[in-house]
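Work through the exercises below with the model open beside you. Try each task before you read its solution.

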Amino acid sequence: MCASGIDSSDGTLICNTGCLYLQRGDRESARTWWRRLLDSPDVDERRRAEELLREVDGKTSVQ
């Protein structure tokens, strides 16, 4: 999580940080990190964030 200060625009790092929070049971922190990706210029990152947010909210099944 400290690495997030190195490059806060790295979509992979942001996504993985959210995943780490989710693994620790902290859904709200995971959501916070994934919401940051919604502003990404990368369409794929935005789609992945939307998918992860839906999954953590129980709106789709995890595959």
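Two residues are in contact when heavy atoms of theirs lie within 4.5 Å. Keep that cut-off in mind, and remember that this model is predicted.

**Exercise 1. The overall build**

Task: How many helices and strands does the chain have, and in what order do the elements run?

Solution. 
- Step 1: count the elements. The chain has three helices and zero strands.
- Step 2: The order is α-α-α.
- Step 3: look at burial. Of the 63 residues in the chain, 29% are buried.
- Step 4: take the contacts between residues at least 6 apart in sequence. Of these, 21% join residues at least 24 apart.

**Exercise 2. Helix α1 against helix α2**

Task: Find the angle at which the axes of α1 and α2 cross, and name the residues in the contact.

Solution. 
- Step 1: the axes come within 7 Å and cross at roughly 165 degrees.
- Step 2: apply the cut-off. Angles over 145 degrees count as roughly antiparallel, so α1 is roughly antiparallel to α2.
- Step 3: note the hand. The crossing of α1 and α2 is left-handed.
- Step 4: list the residues. From α1 come G11, I14, C15, T17, G18, C19, Y21 and L22, and from α2 come R27, S29, A30, W33, W34, R36 and L37.
- Step 5: sort them by class. The contact of α1 with α2 has nine nonpolar, four polar and two charged residues.

**Exercise 3. Helix α2 against helix α3**

Task: Are α2 and α3 roughly parallel or roughly antiparallel?

Solution. 
- Step 1: α2 spans residues 27–37 and α3 spans residues 43–56. Their axes come within 8 Å and cross at roughly 160 degrees.
- Step 2: α2 is therefore roughly antiparallel to α3.
- Step 3: α2 passes α3 in a left-handed crossing.
- Step 4: α2 brings R27, R31, W34, R35 and L37 to the contact, while α3 brings E45, R46, A49, L52, L53 and V56.
- Step 5: by class, six residues in the contact of α2 with α3 are nonpolar, none are polar and five are charged.

**Exercise 4. Helix α1 against helix α3**

Task: Are α1 and α3 roughly parallel or roughly antiparallel?

Solution. 
- Step 1: α1 covers residues 11–23. The axes of α1 and α3 come within 11 Å and cross at roughly 10 degrees.
- Step 2: angles under 35 degrees count as roughly parallel, so α1 and α3 are roughly parallel to each other.
- Step 3: G11, T12, C15 and L22 of α1 meet E45, R48, L52 and V56 of α3.
- Step 4: the contact of α1 with α3 divides into four nonpolar, two polar and two charged residues.

**Exercise 5. Two single residues**

Task: Is S40 buried or exposed? Which residues does R35 contact, leaving aside its neighbours within four places in sequence?

Solution. 
- Step 1: locate S40. It sits in the loop between α2 and α3.
- Step 2: S40 has a relative accessible area of 9%, so S40 is buried.
- Step 3: leaving aside neighbours within four places in sequence, S40 is in contact with E45 and R46.
- Step 4: S40 and D10 are 30 residues apart in sequence, and 9.5 Å apart in space, C-alpha to C-alpha.
- Step 5: turn to R35, found in helix α2. R35 is partly exposed, with a relative accessible area of 39%.
- Step 6: beyond neighbours within four places in sequence, R35 is in contact with E28 and L53.
- Step 7: R35 and G18 are 17 residues apart along the chain, and their C-alpha atoms are separated by 9.4 Å.

Note on methods. Residues numbered from 1 in each chain as written. Predicted model: local features only at pLDDT ≥ 70, side-chain atom pairs only at ≥ 80, totals over all residues. Heavy atoms only, no water. Helix = DSSP H or I, 4+ residues; strand = E, 2+ residues; numbered from the N terminus. Buried < 20%, exposed > 50% of the residue type's maximum accessible area, 1.4 Å probe, protein only. Axes fitted to C-alpha atoms, helices over the stretch in contact; angles between N-to-C directions. Parallel < 35°, antiparallel > 145°, perpendicular 65-115°, else oblique. Left-handed = near helix turned anticlockwise from the far one by under 90°. Nonpolar A, V, L, I, M, F, W, Y, C, P; charged D, E, K, R; others polar.
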